[in-house]
Amino acid sequence: MLSRVAESLFWMSRYFERAENTARFLDVNFNLLLDLNSITPVDHPNYWKPLIMVMADPEHFRSLYQEYDAHSVTDYLVFNRKNSSSILSSISMARENARSIIESISSEMWEQLNNLYHFLQSVSPQQVHSDPYSFYKEIKNASHLFQGITDNTFSHNEGWAFVQIGKYLERADNSARLIDVKYHMLTTSPARHSDLVSGSVDIIQWMAVLKSCSALEAFRKVYLSKIDPDNILSFLILDRSFPRSISFSICAAQEALWRISGSSSHRYANNVDRLIGKMEAEMSYTTVEEILQQGVRPFLEEIEQGLAKIGEQLHLLYFAYHTPKIEPADIAEALPFTGLDGRRANWSQSQQQQQQ
Amino acid sequence: MTRLFDHYNPQSERFFDEVIACDGAQRSHYEIMMQRFNQFSSADIRARRELVNIFFRNQGITFTVYGVDEGIERIFPFDLIPRIIPSSEWAMIERGLIQRITALNEFLADIYHKQQILRDKVVPADLVLGSKHFRREFIGVRPPLGIYIHVTGSDLIRDGEGRYLVLEDNLRTPSGVSYMLQNRIAMKRAFPVLFDRYTVRPVENYPQQLLRTLQEISPSPKPDPKVVVLTPGIYNSAYFEHSFLAQQMGVQLTEGRDLVVNNNKVYTRTTRGLQIVDVIYRRVDDEFIDPLVFRPDSVLGVAGLINAYRKGNVTLANAIGTGVADDKVIYSFVPDIIRYYLNEEPILDNVETWLASNPKHLKHILENLDKLVVKAANESGGYGMLVGPESTPEQRELFAEKIVENPRNYIAQPTISLSRHPSFFNDTELAPCHIDLRPYVLYGKSVSIVPGGLTRVALKRGSLVVNSSQGGGSKDTWVIDNL
């Protein structure tokens, strides 16, 4: 398969997944606010700023908007084409990638992607504000439909594997960010301090997080009604069967990579397989206690960095193998480590944009 | 109920009408078609029109119009009334095209080797060697089987008496064949009954024939030579066609950046490493194909491709430098070229042409600018021309200056009387619209021509320009076995 075609399939899928996840981020935020608005006004920047910190560049945001309020943040993350990760930008990029390989994908896939693009262009910000639930649901459904169409109309060979890799790497990265920002928010939120009744607000909020991952019912089946943060962390990070957990996503990406390279669980064929194998083993043998001991944030950061490295190596191996190989050590050194002030997150995000 | 053809009236002595003879009688090969269409109500027509529109829209059959901001995609207009050519006429066209293409290929082989025709002064040497499309880099390079023009699409028109004339030879990267294939699919869906009543020769195997031709010209004989299509990319006006043909042939569609030359061999960059390429069906013009040899600023090409080609490690279809033979000035010599190489009289005539580079002709051109169509020798797609009878005195003056300044670059032809064909003016009304015909000729071990080709139609009332970039549309074209 042509490297360019493989790369376009990968990015088409990755951008589509990114759009879905951005919709989920925003959706969970609205969900939370509905529960919290009796305590703090919904436009409180504490609720909106973390989204920008994790998903975009705060400086860029501030150059375009005055306040971290619901209206500005939604506009920036949904419609603003100057934000390369906005839902509209992501879907446009997914569509551009699909368009350049239109002879390689099924016409049904193209139609579905094209429909969503035209739908987004027809929606006004007012519509989103008046009914965020329906809008985000529309995006999520469109993404599910696209995945279903892809599975059922596109040959399950190498190209399909690249679609899976794009989807699951993006999903693992986004789930890590979602848990990261919500964990941060819930452990430091003003509501927590003003809430005198033993953490019941916390539980409502954690339920909202689970809902945003479509995980509430699945979670209950595993943990019954024991909704506490540790169980939820364990479920969203380590559960082996839930399709939006980090562990599941990494495992699925690994399977797709093995399909391409022919690696197996006992030996790896290349650097990408080595890195993903290492991460998968880590996920398999870690417990939630160990995560808490290490600290949730450092643990998730490590995952995000590991995923960025895998993305780099994937690019070198399959899309641009003709350029001189860069040693992993060089990449590790090049990673600026500046703590979570948004810059590092942003750096890693920008590397996860398509290479031109 | 009024019937569709009741009101159709060609109303002209000057133009040949494809359906109604000048005595008002129907031409026999159109009878069944007319009867069928006469049975349709305007609602029937609308329903079929809608069916066809949906088909084209879903297939994404669009072309890009340049000059409009950021290039707008439009659906290529399609007319429901098919153009019908009886097999006896077609046999003559086929012979004429084979003769013409064979002679033009001989001409190219000659001017890139011995240049005997120039020594014999049949074609003036300065016109050939001074042509913008003459590639001195290719002198002495022999392409496999000695073939330069593997895929061509000559434009044919019919004069007032119905004689077929060649208007242009497109020997570089002729486009439109995908419309021919899609038009046929659309017609079969909309009018299945008509196909029962006629024996229409099939065009559907064109992609297989194209692939076979391309494999035949592989530089070294192997069981399954690797063929790729090379496109300038998604912003090219014919991108749809490039991806369509690649898909239909089952070969890879590549852009310049997908190919790499190493040690004078061409490879595709794949997820499994480099894979050798034998034949490139390239839809990138000469000037852009290799930045090391032609335009250094080109990002569409492949560095080193030309050396690989000269070494004989890869075949390009069409060969480099074929544009010298479809130059509008060289065009006027094609009848002489046919006589020179084949010792035969041309079966298909040229349109009468005056060369501005010839002083006698130049005088005639300047005196008759209001009656002639003047064309720049190297432009295509209907750009850079003056249609005398429709021009203003100022435009003519401006053009006269340009011609005198650079006579090599201009030719003039009488305002051509393209034949006319009933076409839908709206859902209920037919009007006589001007048409031409572009048959597609493949040249591998032998010459083969798809029966029919693309009929382009000027859907703007009275317009003579059929190019898609200038508001033209197309028709399905049937070659039928005689009734």
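Predicted model: local features only at pLDDT ≥ 70, side-chain atom pairs only at ≥ 80, totals over all residues.
Residues are numbered from 1 along each chain as its sequence is written, and chains are lettered from A in the order in which they are written.

Let's start with the contact. Chain A puts in twelve residues and chain B 15 residues, with two residues in contact if their C-beta atoms, placed from the backbone, lie within 7 Å. On chain A's side, the largest share, three residues, comes from helix α1 (residues 3-36) of chain A; helices here are DSSP runs of H or I, at least four residues, and strands are runs of E, at least two, numbered from the N terminus.

Now over to helix α6 of chain B, residues 177-190. Ten of its 14 residues are buried, so the helix is largely enclosed by the rest of the structure. Buried means 20 or more other C-beta atoms within 10 Å of the residue's own, again placed from the backbone. Among the buried ones are Y179(B), R184(B) and M187(B).

Last stop, the sheet. It's an open one in chain B, three strands in the order β9-β10-β11, with antiparallel pairing; strands pair if DSSP finds at least two bridges between them. β9 (259-262) and β11 (273-276) of chain B are the edges, each pairing on one side only. Between β10 (residues 265-270) of chain B and β11(B) there are four bridges, and R269(B) has L274(B) as its bridge partner in β11(B).

Note on methods: Buried ≥ 20, exposed ≤ 12 C-beta atoms within 10 Å, placed from the backbone.
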